[in-house]
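Let us walk through this structure together.

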Amino acid sequence: MESTITRKHFLKVSALSAGGMLLSFSFLDKRLAAQPLDDTVFAPNVFIKIGADGTILLMAPNPEIGQGVKTSLPMIIAEELCVDWKKVQVELAPLDGKYGDQTAGGSGAIRGRFAALRTVGATAREMLVEAAAITWKVLREECTADNGYVVHKASGKKLSYGALSSKAASLDIPSKPMLKNRKDFKLIGTRIKDVDAHKITTGQPLYGIDTRREGMLFAMVARPPAYGKTLGSVEDAEARKVNGVKNVIKLQNSVAVLATSTWAAKKGRDALVIQWNSTEKLENTSEHSAAFKEMLEKGASSHARNDGDVDAVKQNAAKILNVTYEIPALSHGQMEPLNFFADVRDGKAVLYGPTQVPADLKADVSKQLGISAKNITVGVPRQGGGFGRKLMTDNGVEAALISAAAQSPVQVQWTREDDMQNDFYRPAEMYRYSAALSADKLLSWHQSGIGIGRGTWGDSYVAGALTNYRSDNQGLKSNTPTGWWRAPGANTLAFAAEGFMDEVCVELKKDPVAFRLELFKQAKQDPVGKITYTPDKYKSVVELVAQMSNWGTTPSGAYRGFATWFSFGSYVAQVAEIKMVDGRPKILKVFCAVNCGQVINLSGAENQVQGAIVDGICHAMFPKVTFVNGAVAETNFDSYEFLRMKDAPLDIEVKFVDSDDAPTGLGEPALPPVAAALANALYAATGKRIRKMPFAESLRQAGS
Amino acid sequence: MAKYTLSVNDKMMSVEADADTPLLWVLRDHLNLLGTKFGCGISECGACTVHVNGNAVHSCYIPISSVGDNKIVTIEGLSANGDHPLQQAWEELDVSQCGYCQAGQLMAAAALLKNFPNPSDEQIDANITNICRCGTHVRIRKAIHMAAEKPTSK
């Protein structure tokens, strides 16, 4: 009951807020000082609403795609606000410029907002303290905020935030609120469960796919079956006969069927008779691989980085290692197949659905449909995974086009096949390495990368630690679309580079942990060229994981592999411990040390790391995307194989390096090194070096 | 179109649908029970797992015409107050990330506990085959063990 009343208040505030109360991200601007909306609610900025009954609503500004920011971002506000987390309600913010950058990508939400959201919370806290001091006619320095109350210790007086809310709303916004000391944090760094945990476990509607609006039709779309094909003739008579089908809409390069249920829309879509014309080359993965090899053989015309002279040093080398690593294209395979709701009528667009870039979607719909941005609203529900797929706006734009053409609210639902056949794939890549070795030293490192659309990056370690280092970068043009996929670039490069590093260690008979530490020492003491990582932070995770795993003492019957990688500002080191069962690895345990600055939500952070490790193992081991005559051969989970429980690690132990630094990324950084950690463990177990993903296929081929 | 009467979460529900409509879409589009999720449509991922007479079944692969008077339980009916030992363990261990597959995971786990009240890791491996791209497997395994130890789960 209480929450119903509260909600009404909040709605009232929201309605009134358009009049000018709520502050933009530049909340320090005095001209935008808080004005009371009514006598019951305090809302010093767009992130916080405090009801007279003490209810606190915090807005989570960035899309929730499983990375936990619906919980962790409001935690930062709540920490500085000094409220009881149990009394906090959280909502996902709709798209609104007042919230700043509302992207979910690049492991950036916490990194980008930590400082600002602390100030958001501290601002409100100081105003509430001030309100109490005025009420009691005491010095504000004598008053303290504590768990949703302001307390005057000397007199024992105490007032709740709710009771102070109206007075606080009349005060000026402090220009430089005091932030708490880290040692006084009560919430940040603790284990807080996901704010939607109960809704998830009880199956309450939360996701885009659960959208139901008055008058809404369900739509399915027939899209080109291959890259290089375009829409020709359409025969829709049979489709229109299907029970429940209401409309068929021809778009530029696809056909939508609208119906009263998802199943009717699918049956209607499948009943379309469409002629697809081949208008471009229909490409094949086998041709991509051959072109990669040819281009690597030919060599790059320029270098991404070139320290010393990798060619000259080969003259005096005791040994030269030359190897090639191969990585396939991947689909995103987020568990919620793409969908989107759109209602585009009368020059207005209401959009609601899964997107990692609501602002981009708004801009794209505005441009493509010629609707003024001010007439477009974008709401973002909780999402069944992102992984980079929804950094593209195609699903939302398509729904808007269909709704506009049909003049009806519409929910466009993609099947799994639609999703996998119309993706922006993690590009296939190939890396060639050449290293010169003396009897006991790594003398040079030459990395040549090539991928669909793009190649590798030049500056990651071992750059900076070696006198002779070269990195080349080539891209192959293709009409198969590529995009961002969890830890882009790093997810492939770390496998190749850290796999090859293990090969170097084997050749030099060096301990993999000790050898990395030597390199980081070298990079710190005598860096070569530009250095893009902090050697001491690398050292911190390598040492911590060695300690966690008691490195050097492998349990009997088990085999271990080590790898480390830096991405999105965070450092990760891992030890994978496996045994072989019927030619496949059973992963007994993964030890993982992380240096990501301060941890906000210990439960969420650990979950991200554990999840990224399983995700990385899954995609190292099983799936691949193959293009055959422009079409994707793996269109669902029967052929696009995913890891199941039996192949997941039995245990993953995660430790974070204690740090006062501002938080860095965590949705992605634990994924890149794990494929190499596993490949290196497989080498220890079998003596076979795996240089090609998916590993399960490589292991089968090696075994036969 | 034909008329069907289904037993869902201990209630009799009347539905008019084509005979080939998968139970998944009947639940979601006709009965507005949105907790059961669509993931693959080919009985591979388990996001749509429900109970049919107590057994875990992929609802995307069962046409409504074959449901008959079998008793269906969805995530909404797993417990009266959302407090099944598995639901409690899931929350306590903060299992979910995106959360999308978890209704199916819970239904699969609940059927497992009926057959094996105190399952071994091998039994969990063999019976929990649902896909989770977020990689919550380690916590799912722990939550199943935790729920098995709660007194009310038997």
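Predicted model: local features only at pLDDT ≥ 70, side-chain atom pairs only at ≥ 80, totals over all residues.

Residues are numbered from 1 along each chain as its sequence is written, chains are lettered from A in the order written, and side-chain values use heavy atoms, without hydrogens and water.

Start at the interface. Here 66 residues of chain A contact 52 residues of chain B (heavy atoms within 4.5 Å). The area buried between the two chains is about 4,900 Å², with 55% from carbon and sulfur atoms. Buried area is the accessible area (1.4 Å probe) that two parts lose on being put together, summed over both. In chain A, A:Trp263, A:Met335 and A:Met645 lose the most area to chain B, together 17% of what that side buries.

Charges also meet here. The rule finds eleven salt bridges across the interface (a side-chain nitrogen of Lys or Arg within 4 Å of a carboxyl oxygen of Asp or Glu). One joins A:Lys267 to B:Asp20, with the closest N and O atoms 3.1 Å apart.

Now turn to the sheet. In chain A, five strands form an open, mixed sheet in the order E13-E21-E20-E19-E14. Strands are DSSP runs of E, at least two residues, numbered from the N terminus; helices are runs of H or I, at least four. Two strands pair if DSSP finds at least two bridges between them. E14(A) and E19(A) (residues 429-437) pair in the antiparallel sense over nine bridges. A:Ser434 in E19(A) is the bridge partner of A:Asn322.
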